[in-house]
Amino acid sequence: MLNVLLISLGCDKNRVDSEEMLALLNRRGYNITNNEDEADIAIVNTCCFIGDALTESIDTVLEVAKLKEGRLKCLVVAGCMSERFKDEVSTEFPEVDAFIGTSAIDHIVDALEKVINGESNVKYYEPLERLPIVEEKRLLTETPYTAYLKIAEGCDKRCTYCAIPYFRGPYRSVPMNVLVKKTKELAENGVKELILVAQETTCYGIDLYKKKSLHELLHRLSEVDGIEWIRLMYCYPEEIYDEMIDEMASNPKVLHYIDMPLQHTETDILRRMGRRIDKDELYDVVEKLRDRMPDIALRTTFITGFPGETPEDHERLIDTINELEFDRLGVFPYSREDGTPAAEFPDQIDEDVKGAYRDEIMEFQQGVSYDKNISFIGKHLDVIIEGYLASDDVYAGRTYRDAPDVDGLVFVNSDRELMSGEIVTVKITDAGPYDMSADLVS
C-alpha cells in the first residue's frame, strides 16, 4: 500500500478540493499520511491568488521535491498554480511527475496510476467551464465538527485586480441536491458547523436556476439533522438580496455573521476596481443587514495601495471604517498580478506606502474591535469548543461572531470537562481587541 502526503495551500476552497482528492485516493486503497518521511507520493495543491501565495507554492513544491532524494517516488502539483501557468510548469518544475488543473481534480487517481506505471510529465486539464463533482465522502483534514462546503466554483465578476477567473473559470453553482447530500454525509461524521464558501456565495444558483437561490439552499441545509450552525463567507455586497437576509434573520441555524469583502469604500476607486457598487450603496447594505439583525457580526476586507489611491482616499476609507464600525476586518496590500487590467494602470503605488496604509487601518481597527468586544462583557453567548490549553487550564472556542482561522477566540473557564465540538453557553468576563474570556454557564 502506497502512502500519500497531501499539502494544501491557500484558501478554504482549496482545502475542500484537497479533501475530495483524498477521498478518491482513500477509496482506491492509498494510505493517507501526514509524515513526509513515510510518503511514497506527495501532492501539493497550490495557490497563486496573489504574489505571496505564488511564492509560497513555488517554495513548497521545490522543498517537497527534495524528498525524492529519499523514499518519495512521485510528486504531483495540482490547483491554481498548475492551472494558471500550465504552459510553463513542466519546464519550470522538471522534478514534478504530474500536473492537474483546477477543473480536473477528480482525475487525481488516474494521474497517479499513470506515473506509477512509468509515464512522465503527466497532465490532466479540463475546460474551465467544467465543474468536477466528487461523489465520495470527503476526508476532513481539520476539526471533525467544523467543515467548509464549497457551493460554487469560479467567478464572473472580472474585478480589475483579480486573476481568479483566469484559472478558476466562470461561475458554476453546485446542484442543490448534491450539496444537501454532502451536508448529510458531513453531519453523519460529526460536523456541527457548516461554513458556506465560494468565490462569491451570494450569486449561488443564478446559472443553474436562473435566479439567486442562496436563501433556498440555506433553508434546505438547515433541515439536515446534526447541523447546528451555518456560516456565510464571501458575500459580495452588491449581490446581497432581501430573501437571503430574511432567511438569515428567521432561520435559527443560520448565524448572524456575514463575511462581505468590500475592498474599498470610495466610489472612484471601486469603479477602477471593477466593483459593481458605490459608497452610498455600501451604506445601504450595511444598514439593511443591521436593521433586520441588530446583533449581526460584519466581517470585511480592504485592499490598500490600489493604483491611483490618494492619501485623501485613504483617509476617507478610515473615516468610513470609523462610521460603519465593522466587527471584523482584514487588510491586504494591493498585489500587481500579471494579466489583470489593474497591472497596467498608471499611478502604481510603492510597496512601503501600501504597507503603511495597511498598518494604519489595522491599528485603527483594533480600537473599533476592542470597543465591540467589551460591549459583550456580562452577556451570555454560545461557544463551540475547539480545544483545551493545559498551560492556562482553559478551553478555547468561538462564538457566532468568529470564523475559524481569521477571527478571535473565547477562552472559557470550566469546572467540568468540555469536549471539542461541544456548543456551550458562557458568560463573557473580559475582552481585548481580538479575544475574550468567559466562564461556563451551568
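1. A residue counts as exposed when its relative accessible area is over 50%, as buried when that area is under 20%, and as partly exposed in between. With that in hand, Lys-210 is exposed, because its relative accessibility is 68%. Please keep in mind throughout that this is a predicted model.

2. Lys-210 deserves a look at its backbone too. Its phi is near 65°, a positive value in a residue other than glycine. Most residues other than glycine have a negative phi. Lys-210 sits in the loop between β10 (193-197) and α8 (214-222).

3. Asn-121 belongs to the loop between α5 (108-116) and β6 (122-124). With a relative accessible area of 41%, Asn-121 is partly exposed.

4. On to the aromatic residues: how many aromatic pairs does a search of the whole structure find? There are six. One of them joins Phe-302 and Phe-326 edge-to-face, with 6.0 Å from centre to centre and 70° between the planes. Phe-302 is in strand β13 (residues 297-304) and Phe-326 is in the loop between α12 (311-324) and β14 (328-333), so this pair ties together parts 24 residues apart in sequence. Phe-302 counts as buried, at 0% relative accessibility, and Phe-326 is buried with a relative accessible area of 0%.

5. Two lysines lie over tyrosine faces. Lys-13 is over the face of Tyr-234, 3.7 Å from the ring centre. Lys-86 is over the face of Tyr-125, at 5.6 Å from the ring centre.

6. Arg-290 brings us back to Phe-326. This arginine is in helix α11 (residues 279-292) and is partly exposed, at 23% relative accessibility. Leaving aside residues up to four places away in sequence, Arg-290 touches Ile-296, Leu-298, Leu-324, Glu-325, Phe-326, Asp-327 and Lys-372. Ser-250 is 40 residues from Arg-290 in sequence, and their C-alpha atoms are 14 Å apart.

7. Finally, a surface feature. Which residues form a nonpolar patch on the surface with about 240 Å² of accessible area together? They are Tyr-370, Ile-374 and Ile-377. Tyr-370 lies in helix α13 (residues 351-374). At 37% relative accessibility, Tyr-370 is partly exposed.

Note on methods:
Residues numbered from 1 in each chain as written. Predicted model: local features only at pLDDT ≥ 70, side-chain atom pairs only at ≥ 80, totals over all residues. Heavy atoms only, no water. Patch = residues over 30% accessible without salt bridge, like charges linked within 9 Å, V, L, I, M, F, W, Y side chains within 5 Å. Areas by Shrake-Rupley, 256 points an atom, 1.4 Å probe, with all protein chains shown as cover. Salt bridge = Lys/Arg side-chain N within 4 Å of Asp/Glu carboxyl O. Helix = DSSP H or I, 4+ residues; strand = E, 2+ residues; numbered from the N terminus. Buried < 20%, exposed > 50% of the residue type's maximum accessible area, 1.4 Å probe, protein only. Phe/Tyr/Trp six-rings, centres within 6.5 Å; stacked < 30°, edge-to-face > 60°. Lys NZ or Arg CZ within 6 Å of the ring centre and 35° of its normal. Contact = heavy atoms within 4.5 Å.
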